[in-house]
Amino acid sequence: MSKLLYRIGKSAYNKPWTFILGWVLIIGIVVAMLSINGMSVSSEMKIEGTESQKVLDKLEQELPEASGGQASVLFTAPEGERLDMPERIVTITEAVNKVYGLDYVINPAELAAAAGASLSDQDALGSAQGETSAEAGNAQGADASAAGAVSSAPTEMPPYMPLMVNGMPVPGVLIATDGSIALFQFQFTVQQNSLPPGVTDSVVEAVTDSVEGSGITALPSDSLKEVELPIGVNEVFGLIIAAVVLIMTLGSLVAAGLPIVTALFGVGIGVGGAFAFSSFVTMTSFTPVLALMIGLAVGIDYSLFIVNRQRRLIFDQGLTAREAAGRAVGTAGSAVFFAGLTVIIALCGLLVIGISFLSMMAIVASITVFLSVLIALTLLPALLGLVGERICSEKARKKNRSKTNAHGIAHGWVKSIVKLRWLVIVAVVVILGTAAIPAGKMELGIPSGASANLDTSARQSYDAISSGFGEGFNGPLLIVAEAKDPSGTIAPEALGGIAQGIQQLKNVSVVTPVGMNKDGSIAILSLIPKTGPTDTATKDLVQELRAADSIIAQNNNVTLGVTGFTAINIDMSSRLADVFPTYIGIIVILSLIILMLVFRSILVPIKATVGFLLSVLATFGITTAVFQWGWASDLFGVDTGGPLMSFIPILVTGILYGLAMDYQVFLVSSMRESYVHGHKGRDSVVHGYDQASRVVVAAAVIMVAVFAGFVLTHDIMIKQIGFALALGILIDAFFVRMAFVPAVMALFGDKAWWLPKWLDRLLPNLDVEGDKLIAELNAKDDEKVVKVASKSH
């Protein structure tokens with residue numbers, strides 16, 4: 001491997017423009033594809049095979065007219081005033097009629113006339129179905145509110161009623177009994193993903209134009225907002241910090257600029273290429289953001305390791321920039337290759353889960369990491385060829401020659417760790433173990449309006465709906481009752497019995513029959529819980545309704561299916577929890593094999609994995625304390641606690657494992673190199689640490705800075721991911737790799753490199769340290785010396 005990479009590095013250095021123009025051409029192709037295909041992102045998080053998705057599929061097949069996406073608008077009056085004043089009722093009615101007059105919006109009056117049904121029944125049908133989409137917004141919880149208005153099941157009068165005009169209800173509109181807010185919900189003919197551009201903007205424009213100057217505030221649901229990429233200028237702060245760290249580490253503006261340039265090339269091609277194909281595949285808005293996070297971090301780090309090795313070879317061995325570049329790619333490049341491979345394996349492990357949006361995230365991020373590795377091994381040496389000997393200024397060379405052998409901070413640190421190894425090991429385990437305690441109380445879900453910041457429209461809408469209609473209106477459930485007998489039907493009496501049975505359940509506020517399919521074998525009911533969409537009681541209600549031995553289902557000879565925002569949330573969390581052990585097992589086993597090949601040791605891979613487990617558990621503990629419990633949350637722009645995203649554990653674990661192994665490879669390969677080159681016992685630990693710690697610390701700070709930049713975004717999901725990754729790298733690099741690892745290595749000494757002889761014979765020698773390459777090059781140098789000496793004689 002090292003010989004191959006050495007030849008690639010020398011070739012790129014000698015013919016820089018060939019490699020540079022090749023990569024520029026690739027970027028040009030990506031830009032051309034983007035201009036032709038455009039880019040498209042979605043908010044859909046569909047999980048095939050789950051109970052809620054099966055219900056959705058069944059509904060779309062049996063009742064296609066009810067399968068369109070749904071949206072809502074919340075009207076609020078000024079404080080202390082009412083909406084049910086004549087002039088304001090006229091304003092709201094005008095807004096409603098404008099929306100119903102738009103293309104792709106179902107007018108319930110026309111639907112009722114076409115079907116020969118009553119207006120109220122059809123209105124209920126339309127409003128009950130909207131929440132069946134997984135991408136329904138938090139403020140859409142009143143989807144089924146019209147259904148509640150026509151229900152007679154509750155024993156108490158609800159705190160809302162239909163908005164009446166001339167004795168007739170305004171289709172799809174409910175108003176709170178105190179007159180402070182009104183809720184308008186409507187349905188599209190297709191799902192939001194399939195709407196032509198501009199349709200949702202037309203709806204928002206129609207509403208805002210109607211209420212302008214009336215004192216009424218209109219809050220559109222999240223489903224009416226265009227899907228935006230949660231990327232802004234805040235991420236630039238991470239790059240600025242990275243640039244400062246690079247300058248401090250390398251001591252040169254020229255050298256510091258190269259890792260940033262190559263990282264931008266990598267994410268430009270990776271993320272740009274993903275966007276170029278986004279019109280042909282479903283891609284969530286988080287997919288390119290995740291690739292950007294990881295691509296920037298590893299792209300800068302990988303190039304930093306190679307540039308730093310080249311400069312050390314120039315300073316320490318007096319090599320030319322050309323020869324040092326080739327050797328740096330051959331030695332440090334080998335470590336970069338295997339570090340990148342570990343990250344890719346960890347990401348590709350997400351494919352075994354079988355969840356499409358996570359698989360797309362993994363594929364795009366893996367391709368971006370692969371490109372970062374390829375660019376570090378080809379484009380970087382080409383750029384070094386253009387820079388030439390300027391990679392180390394004459395001032396830096398003189399400064400290095402005048403240096404004494406005095407040891408720096410790293411040497412004193414590692415000597416202390418070696419001396420107090422038992423104390424360090426115990427201290428790290430206790431500190432990280434304590435930090436991990438909150439992880440035992442971690443709650444998972446999809447962040448809703450309840451946990452959005454107070455100044456956001458999602459939170460304001462959620463609170464207003466909760467106050468005026470009840471918190472359950474933010475997360476209604478859709479019940480689908482299907483006759484057990486394939487040829488059977490559900491009689492109206494049976495449907496009424498089902499509704500009454502469900503109404504008697506503990507956490508049910510309103511339940512209403514809202515429609516049936518043509519042959520009467522499937523009935524649909526709308527259910528409004530008393531509690532919110534992320535409340536434990538709501539989750540318990542879903543599980544109770546789904547129970548196979550449900551008395552309601554048995555008494556009426558039907559099966560009950562449940563879908564909606566909360567049901568989909570539960571299914572996602574359950575599915576991810578089920579596959580999590582399998583995922584962890586796959587990436588750990590594959591990574592242990594890679595680390596065994598790289599280090600030719602049994603202990604080192606095991607120690608690396610144990611250290612990772614300590615860091616990831618501590619990461620989840622602190623993340624839970626901040627985002628769920630609200631500890632120090634103001635520092636990170638969060639004013640309300642809530643559940644962590646369902647896929648954070650599996651996503652963050654995979655990414656952190658790959659990145660943590662990067663530092664493991666770079667640090668311990670230096671210790672291995674020292675051991676192979678004659679430093680034995682604890683001396684190999686100290687010498688290897690001295691050689692690698694400075695650049696590993698710099699790389700960790702850079703990666704933390706890049707991830708921390710995403711914590712400043714307004715999107716709570718990106719904020720949680722960025723925080724967890726930044727914190728995880730911080731803990732793993734400074735507590736585990738910089739303290740725990742050298743302490744354990746010193747504890748075992750030379751035994752850390754033990755490998756059974758039979759296994760030693762079986763494993764291929766990958767020559768990550770570049771021993772064969774260095775031996776070959778030294779032999780050639782010796783031959784040249786002999787030839788020169790013979791000629792002189």
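## Thr640 and its polar contacts

The side chain of Thr640 makes a polar contact with the side chain of Arg459, at 2.7 Å. A second polar contact, at 3.0 Å, joins the side chains of Thr640 and Asp639. Such a contact is a pair of N or O atoms within 3.5 Å; within protein, one must be able to donate a hydrogen and the other to accept it, and residues adjacent in sequence count only if both atoms are side-chain atoms.

## Basis of the model

This is a predicted model: local features need pLDDT of at least 70, side-chain atom pairs count only at pLDDT 80 or more, and totals for chains, interfaces and linings use all residues. Residues are numbered from 1 along each chain as its sequence is written, and side-chain values use heavy atoms, without hydrogens and water.

## Setting of Thr640

Thr640 lies in the loop between α22 (603-627) and β11 (644-645). Helices (H or I, at least four residues) and strands (E, at least two) are DSSP runs, numbered from the N terminus. Thr640 has 16% relative accessibility, so it counts as buried (under 20% relative accessible area, 1.4 Å probe, protein chains only).

Leaving aside neighbours within four places in sequence, Thr640 is in contact (heavy atoms within 4.5 Å) with Ala450, Ser451, Ala452, Leu454, Arg459 and Phe627.

## Helices α23 and α24

Helix α23 (residues 648-676) packs on helix α24 (residues 682-709) at about 160 degrees, with axes 7 Å apart. The two are therefore roughly antiparallel (angles over 145 degrees).

Methods: Axes fitted to C-alpha atoms, helices over the stretch in contact; angles between N-to-C directions. Parallel < 35°, antiparallel > 145°, perpendicular 65-115°, else oblique. Buried < 20%, exposed > 50% of the residue type's maximum accessible area, 1.4 Å probe, protein only.
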